[in-house]
There are 2 protein chains.
Amino acid sequence: MYIHQVAAYLPAEIITNEHFTRLNGLSHEWITERTGIQTRRKAAPGENTNTMALEATRRVLAAAPAFPAAEVDLIVGATYTPHDTIYTLAHAVQRELNVGEIPVVSISSACSSLLNAIEIVEGYFAMGKARRALVVVSEHNTAYNNEQDTMAGHLWGDGAAALLLTPERLSENDLDVRTVLTGGVANVGKADVAVTLKPVEKGIVMPFGKDVFINACQYMARVTQQVLERNNLSVEDVTYLIPHQANLRITKNVLQQLGLPEDRAVSNIQDLGNTGCAGAAIALADTWALLKPGNQIVITVFGGGYSYGAMLLAR
Amino acid sequence: MYIHQVAAYLPAEIITNEHFTRLNGLSHEWITERTGIQTRRKAAPGENTNTMALEATRRVLAAAPAFPAAEVDLIVGATYTPHDTIYTLAHAVQRELNVGEIPVVSISSACSSLLNAIEIVEGYFAMGKARRALVVVSEHNTAYNNEQDTMAGHLWGDGAAALLLTPERLSENDLDVRTVLTGGVANVGKADVAVTLKPVEKGIVMPFGKDVFINACQYMARVTQQVLERNNLSVEDVTYLIPHQANLRITKNVLQQLGLPEDRAVSNIQDLGNTGCAGAAIALADTWALLKPGNQIVITVFGGGYSYGAMLLAR
């Protein structure tokens, strides 16, 4: 399986830490020290999970002349911040592309959904039921976030990304997806209460951030080791590590556990905050132009719920 | 692929049509004539999509000694009426079963999600990444429904079902899943506005019921024919047709298009209303004890968004 192209969409408005200082007294220094976050993007009125998914889709298809929109035969969307749970982001993308009678579904495994979506695509390729797949990850965190919440209100940002996948190589720049691994671990720790988004009751809350932190660090490091072992590689072989963009301290902890220098990680949390399941895909889009033959990339994610995943990519 | 067992959970409270007569003046006769619905179930306070999923899971596992909970290695949940989009119903089930580090994901393709979930399982089986899968469909429509809505407030009911799937036969009563087909058709008609559930803005609405009706009839009949043709069968070979339980008039229209007598269809809409993606699975659970060797069953679904699917099962 190959990733042929990836593209991101970010809304224009930039929210600085000073916004939260004014709202609830959290200082720029306090936020930066604990999370690494300096700014995050906020969707404009009228923008939502579906519109951002459409923008990312337009961009990825515009960058991929070898992958015509008319040939898309599978769409998997992912979000935990849905605009519509019936006319989902995957359905909105299908309508835009005007390709009918192909499997279309949206999923959530919280912040780890990018890898669940790619593993679902891997299954359709294995069955021979699809050959040109579009994965779209999109989060409208600010629609469900209480900015006043001093525990987590300052963490979240909006954004989307889209990826084109094929079972066979289309171009020499395609990334070979060597291994995808996903796992739920809802049975550990405070998975049932640590991060929740109950649309009828309230928005995103994270009352047990420490439990999330500990498990995110542990599982992202471990599943990275697992995908490397399956490919007889060691951490030194990793050109870029792209972790879920939840907190710069989590990224540093994972690097430390793996024995990797800080410059090996790709990070957008400083600028974008936690963009949920879109974060790692946006980071891959930003890294795309830097990739060279022989490079090996690991994407590793962890989400509330809890769920984790990792994927080894090779150019 | 085989369905080894299926079980349903329904909340206790029964809501009659007279409830809506008192609320908004719709008579029992008016509702029955247009929809076939006489009663529907309503989740109790404290019940939700996750708790109903747990109840259905307990029941299906209790009925399946050959499929121990500890062997579950894939959980796919489905709902468009989520209790929690982060700690999803699939994660809640994982925590209850206490099986760790297996793929866990929840999906939505609206009312057609049962078949999307089963097709995703089929993919994991094809990859050899799972051998004991649990699919759980659960809808808490009343949490998102405006009862006062005279267009669709009287349609919805709550309920859940769980299915156990394996790549090989475990018992002679297992149903052989001969073919699964799913398709999104968000590009036709008023798919973008006909049925929506936008958690931030409002609950379930169906302002273009006629467009849904027309497309549901058309696609459920067509995809039924498609799965039969792929297996060199004709409609006469179908012992039971289990359509999505949206409206008794839709079921009758589909039967008429196919040239099947009315007693060939399994129907719970009279008692349960539209239980979303759980409806056809609940109907399969109710039919389970009647099935005999040589029986052939077609489940055919259609959902807002739009999406459709069909599955041929054989005992």
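Which residue of β5(B) is the bridge partner of Ser106(A)? In this predicted model, the partner is Ser108(B).

The contact between the chains draws on 61 residues from chain A and 61 residues from chain B. In chain B, the residues that lose the most area to chain A are Ile86(B), Arg95(B) and Glu101(B), which together account for 15% of what that side buries. The area buried between the two chains comes to about 4,800 Å², with 53% of it given by carbon and sulfur atoms.

Polar contacts also cross this interface. Between chain B and chain A, 48 residue pairs are found in polar contact, with both residues at pLDDT 80 or more. On the chain B side, several elements each supply at least two of the residues that touch chain A. Among them are the helices α4 (89-97), α5 (113-127), α6 (141-144) and α7 (209-230). The strands β5 (104-108), β8 (175-184), β9 (196-197) and β13 (307-314) of chain B also belong to this group. The largest share comes from α5(B), with 8 residues. Sorted by class, the side of chain B that touches chain A has 30 nonpolar, 21 polar and 10 charged residues.

Side chains of opposite charge can pair when their charged atoms come close. Over all chains, the count comes to 20 salt bridges, and between chain B and chain A the count is 8. One of the salt bridges brings together the side chains of Lys129(A) and Glu119(B), at 2.7 Å from N to O. Another links Lys129(B) with Glu119(A), also with an N to O distance of 2.7 Å. This second pair crosses between chains: Lys129(B) sits in the loop between α5 and β6 (133-140) of chain B, while Glu119(A) lies in helix α5 of chain A.

Some details of the backbone are worth a visit as well. In chain A, the peptide bond from Gly305(A) to Tyr306(A) is cis, with omega near -10°. Tyr306(A) has its place in the loop between β12 (296-303) and β13 (307-314) of chain A. In chain B, the peptide bond from Gly305(B) to Tyr306(B) is cis too, with omega near -15°, and Tyr306(B) is found in the loop between β12 (296-303) and β13 of chain B. Elsewhere in chain A, Ala110(A) has a positive phi of about 55° although it is not a glycine. Ala110(A) is located in the loop between β5 and α5 (113-127) of chain A.

Finally, annotations from UniProt can be set beside the model. An unreviewed entry places the feature "domain: Beta-ketoacyl-[acyl-carrier-protein] synthase III N-terminal" at residues 107-168 of chain A. Over residues 107-168, chain A is 31% helix and 31% strand, and the end C-alpha atoms are 25 Å apart. For residues 228-313 of chain A, UniProt lists "domain: Beta-ketoacyl-[acyl-carrier-protein] synthase III C-terminal", again from an unreviewed entry. The span of residues 228-313 of chain A is 31% helix and 22% strand, with its end C-alpha atoms 10 Å apart.

Technical notes. Residues numbered from 1 in each chain as written. Chains lettered and ligands numbered in written order. Predicted model: local features only at pLDDT ≥ 70, side-chain atom pairs only at ≥ 80, totals over all residues. Heavy atoms only, no water. Contact = heavy atoms within 4.5 Å. Buried area = accessible area lost by both parts, 1.4 Å probe. Salt bridge = Lys/Arg side-chain N within 4 Å of Asp/Glu carboxyl O. Polar contact = N/O pair within 3.5 Å; in protein donor to acceptor, adjacent residues only side chain to side chain. Helix = DSSP H or I, 4+ residues; strand = E, 2+ residues; numbered from the N terminus. Nonpolar A, V, L, I, M, F, W, Y, C, P; charged D, E, K, R; others polar. Pairing = 2+ DSSP bridges. UniProt positions renumbered as here; feature names shortened; annotations may be inferred.
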